[in-house]
Amino acid sequence: MAGKCGACGPGYASPLEAMKGPREQLLYLPCIYRNTGIGIPDFLATVDVDPKSPRYCQVIHRLPMPHVGDELHHSGWNACSSCHGDPGKSRRFLILPSLVSSRIYVVDVATDPRAPRLHKVVEAEELARKANAAFPHTSHCLGSGEILISCLGDPDGNGKGTFVLLDGETFEVKGNWEKGGKIPNLGYDFWYQPRHNVLLSTEWGVPRVLAQGFDPKDVEKGHYGRHINVWDWRERRLAQQLDLGAGCIPLEIRFLHDPSAAQGFVGCALSGDIRRFYRSPEGKWEAEKVIEVPSKKVQGWLLPEMPGLITDILISLDDRFLYFSNWLHGDVRQYDISDPKNPKLVGQVFLGGSISKGGAVTVVEDRELRDQPEPCVIQGKRIPGGPQMLQLSLDGRRLYVTTSLFSAWDRQFYPSLLTEGSVLLQLDVDTARGGLAVNAQFLLDFGKEPGGPCLAHEVRYPGGDCTSDIWL
């Protein structure tokens, strides 16, 4: 089984060892029906991505959740490479927080990896009662065997950057991870690094506000995030806040995989930039802008200027390349970060988006492109939506891309997604010189699901991947 090495625990001894791991053969994706008008539960899809399989690029199993309207979103593991030194731990369960219902589903993926089964449901009432928390988002396993989940708010829909701890065996809520003191007003993603005694978290927005869709006025009202929050790992207390500026909305945050590296990157959605965070010689954490995606002046859109809306980022396991998605403009970019202070663009491909030729939007001023990009058509299908969630193969050669962000925002910015469904695409990566190319043989159309079109979101591999595994 992938990730096993004699007496070792789950995952791999190091990021470079992980790069030598086996090629992915299965993918797990949460698929969402909320806001589509189809009143059936979200489900976890198992996708066959073994090129030798007769069912290559097909959904081979669907695990429906017990309830309607959960809005499955991101996922994590009960154990990963953070537990590699513990032979008593194994990567058996996928943790599926529901962003809207606040339920947390625990799915058994070990008994039959090709047909996962539901193991336990942690109800929203338990999160509320034991931690005054709701709207769970990012899940990471800890070296202790516990599971840490960030939340966006409290049970009333107000913003609250809190964390909940789950027991790694019973999956009961143990309470809040933080031990008193100030709590950020907002929450979203996080990454921890015990070698540097730090956990860094980001901020999306107030749950009851963002759940209705995006209104630019809510940014002015302070309902969206602007901070990287720096936590003392051992003390579990907020130690510092890095103010990135109003309208920034920092979302996905990634340390370099090398656990000795005290730096990484965060994608800032609305301001369209990437910040490098790092620990200064004085021991404080700081951030600097290293990449900027200029807004485009447009006609026929919500605003006179369209940001790229950087919604996902990831770093290859060798810490050489950074990838990110511009959900609105429609491109995925690859940067060489051998010098983290000076990233160099080495790959770019357009996969849908709002500025393609023939659409409703006319670009009247563009600091990057001479012409609006051609529509992305694969196997005769014009790709709806824009590139959003990313996942890289362990060896760095294949980049998987889905096109749904969040059902309420999909409905607003790409209404065709709700009737056509999202897609899963694959990009071929040049790992020698850099470069991205669409794999025209790979298209999984979630508009053709038996229950009707759905919105596929984040990608996970049974053996772990570069956005869920942390090395200590």
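Good morning. Apart from neighbours within four places in sequence, serine 468 is in contact (heavy atoms within 4.5 Å) with Trp77, Cys80, His140 and Arg460. The model is a predicted one, in which local features need pLDDT of at least 70, side-chain atom pairs count only at pLDDT 80 or more, and totals for chains, interfaces and linings use all residues. Residues are numbered from 1 along each chain as its sequence is written, and side-chain values use heavy atoms, with hydrogens and water left out.

Is serine 468 buried or exposed? Its relative accessibility is 4%, so serine 468 counts as buried; buried means under 20% relative accessible area, exposed over 50%, and partly exposed in between, with a 1.4 Å probe and protein chains only. The side chain of serine 468 makes a polar contact of 2.9 Å with that of aspartate 465, and another of 3.4 Å with that of aspartate 469. A polar contact is a pair of N or O atoms within 3.5 Å; within protein, one must be able to donate a hydrogen and the other to accept it, and residues adjacent in sequence count only if both atoms are side-chain atoms.

I turn to threonine 403, which is buried at 0% relative accessible area. Its contacts beyond four places in sequence include Trp327, Leu417 and Val423. A polar atom of the threonine 403 side chain lies 3.2 Å from the backbone nitrogen of valine 423.

Finally, the cysteines. A disulfide requires two cysteine sulfur atoms within 2.5 Å, and the count is zero. The sulfur of cysteine 454 has its closest cysteine sulfur in cysteine 31, at 4.2 Å, which is too far for a bond.
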